[in-house]
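Welcome! Take a look at the sequence and the structure, then try the exercises below, each followed by a worked solution.

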Amino acid sequence: MDKVLQYPQFQIKLSELLVQDWFKIGIYLNVKPHILEAIRNDSINLLKQEDKAYEMIRKWFNFDENPTFEKLKHAILNIPKKDLLKEVEVLASGFFTMTSVLPEVSLNTEISNSPVSSTKFSAKKETSNSPVNSTKFSAKKDISENCTALKSFYLINYGKISEVQPPLKFPANVDLMHKFVDLCIVDAVNTQTDAAFSVERKEFLEMQLRYTPIPYSEIFMKERSVTLISGIAGIGKTWLLRKCLLDWSNGLIWKNVKLVFYLECRRLNLCQNIGNINELVNYFYEDIINDFNINIHPALFIIDGLDEFKYLNELINPSSSCSYPIVNALTEIQKYKYVVAGRVYAIDKYQSISTEHSDKINIQIMGFNESGINNYIENNVLEEKKDVVKATLKESAIAKSMSSVPFYLSSMCKIISNSKSLCKSTFLTMTDLYANIFLYFLQKHVIKSNKLIYQLMENNSNKVYILNICKIAYQLLIENRVIFSKEDIQTFIIDFDKNEENFFGFIERIETNLGYFYQFAHLTIMEFCASVYAYNCLSSEEIINLRGCLSMICGLANKNQSGLLKFLVSLKPLKETCEESLSLFFIFDEVVLQVPIEEIMILGADFNGHVGEGNSDDEEVMGRYGVNERNTEGQMVVHFAKRIKMAVINTYFKKKEEHRVTYKSGGRGTQVDYILYRRRNLKEVSDCKVVPGESVAKQHRMVIGKMVLEVKKKKRVRAEPKIKWWKLKDEDCCVKFRDEVRQALSGGVLDTWKGMSNTVRDVARKILGVTSRQKKIDKETWWWNEEVQESLRGKQLAKKNWHFQQDEESRQKYKEMCGKTKRAVAKLKKMQICMRS
């Protein structure tokens with residue numbers, strides 16, 4: 001039984017049992033009192049009691065030359081707590097029976113799912129999430145043993161998943177086995193394909209309600225050849241994939257699949273010289289499958305973070321001259337069943353090479369619905385802060401829509417719970433949210449001070465630190481390197497060795513048997529840091545390379561900035577305001593000019609400029625009915641409209657000044673919010689006005705433009721007749737066709753391939769025939785009348801109500817509607833049979 005103590009997995013589970021009594025047990029295990037006091041007082045690196053219990057166990061192992069299970073039992077009996085002793089004995093016996101499938105590890109090995117390692121704001125070791133960190137088995141295993149070993153590995157290491165912003169009360173990790181929150185999953189075909197870049201979305205919550213959710217069981221109970229999962233950063237894709245691993249390990253899904261392999265693209269970037277799938281699997285799972293030949297066995301692969309794959313373009317556009325072997329390995333995965341997850345733009349590209357499978361499903365994760373948001377707040381926010389969080393979400397429609405994304409909701413809950421007073425503009429935009437997360441990291445886990453931002457920025461060393469962090473993020477992001485080494489960082493920060501610990505908080509350290517690796521705490525944080533560096537230090541031409549961060553950079557360029565943003569955009573004061581405005585319009589130019597001219601485009605924004613009254617020399621882009629005089633920023637707006645061939649429609653309609661003023665404060669009004677429309681389509685615009693009293697943002701009024709859009713009907717293309725080649729399966733038809741072809745070609749050898757192919761097709765049309773080009777009509781829909789349609793609509797509505805309410809009454813209503821629909825169809829069919837007879 002003493003051998004069980006050596007397993008890090010057992011140490012983690014044990015620390016969860018000793019949460020309330022670790023200090024007393026440490027005394028009876030002869031851990032030195034001053035060490036126990038130091039553990040108890042460390043509230044920065046050891047946030048939770050289970051963290052402290054785990055650290056106590058590690059100290060016991062370090063100082064006791066012969067730690068035994070009997071010593072542990074004796075310490076528990078001295079408390080005394082017999083119930084706790086019984087739980088520990090049950091836990092130990094369970095691990096003792098699993099020693100045949102668990103890899104042997106050294107005494108002091110740590111794994112990332114430990115309570116200590118789950119705290120993302122410190123340097124940590126991580127070995128469990130990569131199977132290469134265990135010790136190899138001595139003998140090869142068959143497929144059933146490998147299946148058992150994989151399931152045990154996933155259950156032990158993926159039972160919990162750490163969050164960047166951990167829940168605000170115990171436990172510190174999200175328990176995917178018992179506390180998994182169902183995400184809203186919809187058919188990706190019906191969603192916006194550009195959702196990956198549309199981060200400033202006020203209607204995100206409403207979008208979820210428009211689509212019909214697909215149950216988790218309906219997607220994953222079936223063994224599909226291809227499953228594509230898309231969603232924005234932080235939406236819960238990794239949660240979903242880890243949940244699939246656990247359900248397969250427990251025999252709930254994919255019951256006929258013997259082997260499931262989970263691969264993260266950020267780790268695949270480090271293995272560019274591995275050229276086949278068998279070598280790849282044996283590299284990442286060498287201690288579990290031990291030189292097992294995957295090529296002769298069916299398997300399912302789960303690929304997480306496709307957008308993070310460094311060689312995505314080479315994967316999408318394969319060529320025989322590809323110099324990266326890892327691309328060939330991922331291409332080989334397409335021979336198996338696979339699940340791929342990533343941001344929307346990456347999955348959209350990947351679809352082009354996964355078109356062969358008829359049972360492919362493409363889904364998109366929309367985050368939490370309203371019920372999921374409320375459940376998260378109830379389960380993870382301190383009692384005294386729940387009302388504050390709910391009130392914040394209720395007052396701000398933007399904050400409520402952002403809360404649909406688990407990462408954003410977790411961040412907002414953490415920030416609100418740690419703030420004594422919350423400014424109304426804290427979550428006004430996505431950029432404000434990112435800036436507050438940035439400040440939270442800086443205050444709590446780097447500088448470790450609750451000083452206000454202006455106080456922190458008075459120290460120049462803090463500005464240098466922020467710029468260094470943001471520089472690292474930018475340089476690595478443009479190279480698509482999410483995981484990096486110390487040598488990579490030293491190319492930017494020469495003295496990183498001396499100040500390594502100062503960078504932990506934004507950056508975390510991972511230790512494996514291959515050495516140390518580093519990564520940012522979250523990809524979204526990395527992108528925001530890169531945006532801050534780009535805004536402060538780069539030219540317009542360099543900024544345009546950061547296409548995924550353009551929305552963040554535009555948010556930083558907003559003149560109506562919060563106090564926090566003003567400090568982040570002035571880290572390098574030599575950059576002039578005029579240049580900043582020009583950079584913003586340059587970005588707009590590059591983005592807008594990529595939209596085809598025949599597409600309808602409407603551009604509405606707070607341009608913070610006055611185009612003024614009159615339109616002398618500018619008649620092609622504006623009318624005469626502006627407000628006040630034109631200023632420098634207004635002239636930039638006019639030049640911008642000319643370059644992209646659009647017009648400022650606010651100025652074309654004569655209105656009272658009250659219906660033209662878009663911004664009003666302190667009795668003074670002006671016009672800064674404009675709607676731009678293509679000049680070639682101006683005849684479609686019928687009106688544009690301001691609604692007084694309706695505030696969209698603080699002191700900004702709603703601008704309404706009316707357009708009459710002509711919907712062009714697509715011409716129906718008549719299908720070309722096709723040769724019925726399938727008739728060649730009939731032996732008599734095949735013989736006749738062969739004889740006719742020989743006879744047609746017997747006159748001599750044709751000069752060209754085209755001539756011969758035309759001869760073969762002419763014979764085929766004569767012998768096999770062609771299709772009629774008529775649309776196939778379903779002859780079994782005679783019963784689809786109004787009554788049946790009404791019943792089906794009621795059934796669908798009842799199902800949707802049951803899905804959201806999850807109570808017995810709505811379930812019974814749904815069952816009743818199912819029966820009513822069946823009876824309606826049966827009744828009509830019976831009537832039709834009687835009429836025919």
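Please keep in mind that this is a predicted model.

**Exercise 1. Get an overview of the chain: how many helices and strands does the protein chain have, and what percentage of its residues is buried?**

Step 1. Begin with the elements: the protein chain has 34 helices and 18 strands.

Step 2. Turn to burial. Of the 837 residues in the protein chain, 51% are buried.

Step 3. Finally, look at contacts between residues at least 6 apart in sequence: 72% of them join residues at least 24 apart.

**Exercise 2. Work out the order of the 6 strands in the open sheet with mixed pairing, and find which strands stand at its edges.**

Step 1. Trace the sheet across: the order is E3-E8-E4-E7-E6-E5.

Step 2. Look at the two ends. Strand E3 (185-187) and strand E5 (260-264) are the edge strands, and each of them pairs on one side only.

Step 3. Follow the turning of the sheet: from one strand to the next, the twist averages 20°.

Step 4. Zoom in on one pair. Strand E4 (residues 226-230) and strand E8 (residues 361-365) run parallel and are joined by 4 bridges. Ser230, for example, has Gln364 in E8 as its bridge partner.

**Exercise 3. Now take the open sheet of 3 strands: why is one side of E12 and of E13 left without a neighbour in the sheet?**

Step 1. Write down the order, which is E12-E16-E13, with antiparallel pairing.

Step 2. Count partners. Strand E12 (602-606) and strand E13 (646-648) are at the edges and have a single partner strand each, so one side of each has no neighbour in the sheet.

Step 3. Val648 has Leu676 of E16 as its bridge partner.

**Exercise 4. Stay with strand E12 and locate Gly604: is Gly604 buried or exposed?**

Step 1. Gly604 is part of strand E12.

Step 2. Its relative accessibility is 53%, and exposed means over 50%, so Gly604 counts as exposed.

Step 3. Leaving aside residues up to four places away in sequence, Gly604 touches Tyr674 and Ile675.

Step 4. Compare sequence with space: Gly604 and Val703 are 99 residues apart in sequence, while their C-alpha atoms are 9.0 Å apart.

**Exercise 5. Describe how helix H7 and helix H10 pack, and say which residues make the contact.**

Step 1. Helix H7 (residues 143-157) and helix H10 (residues 237-249) have axes 9 Å apart and pack at an angle of about 130°.

Step 2. An angle over 145 degrees would count as roughly antiparallel, and 65 to 115 as roughly perpendicular. H7 and H10 are therefore oblique to each other.

Step 3. Their crossing is left-handed.

Step 4. H7 brings Cys147, Leu150, Lys151, Tyr154 and Leu155 to the contact, and H10 brings Leu245, Leu246, Trp248 and Ser249. By type, these residues divide into 7 nonpolar, 1 polar and 1 charged.

**Exercise 6. Find Ser403: is Ser403 buried or exposed?**

Step 1. Ser403 sits in the loop between helix H19 (397-402) and helix H20 (406-417).

Step 2. With 0% relative accessibility, where buried means under 20%, Ser403 counts as buried.

Step 3. Beyond residues up to four places away in sequence, Ser403 touches Phe368, Ile373, Leu393, Leu409 and Met412.

Note on methods: Residues numbered from 1 in each chain as written. Predicted model: local features only at pLDDT ≥ 70, side-chain atom pairs only at ≥ 80, totals over all residues. Heavy atoms only, no water. Pairing = 2+ DSSP bridges. Helix = DSSP H or I, 4+ residues; strand = E, 2+ residues; numbered from the N terminus. Axes fitted to C-alpha atoms, helices over the stretch in contact; angles between N-to-C directions. Parallel < 35°, antiparallel > 145°, perpendicular 65-115°, else oblique. Left-handed = near helix turned anticlockwise from the far one by under 90°. Contact = heavy atoms within 4.5 Å. Nonpolar A, V, L, I, M, F, W, Y, C, P; charged D, E, K, R; others polar. Buried < 20%, exposed > 50% of the residue type's maximum accessible area, 1.4 Å probe, protein only.
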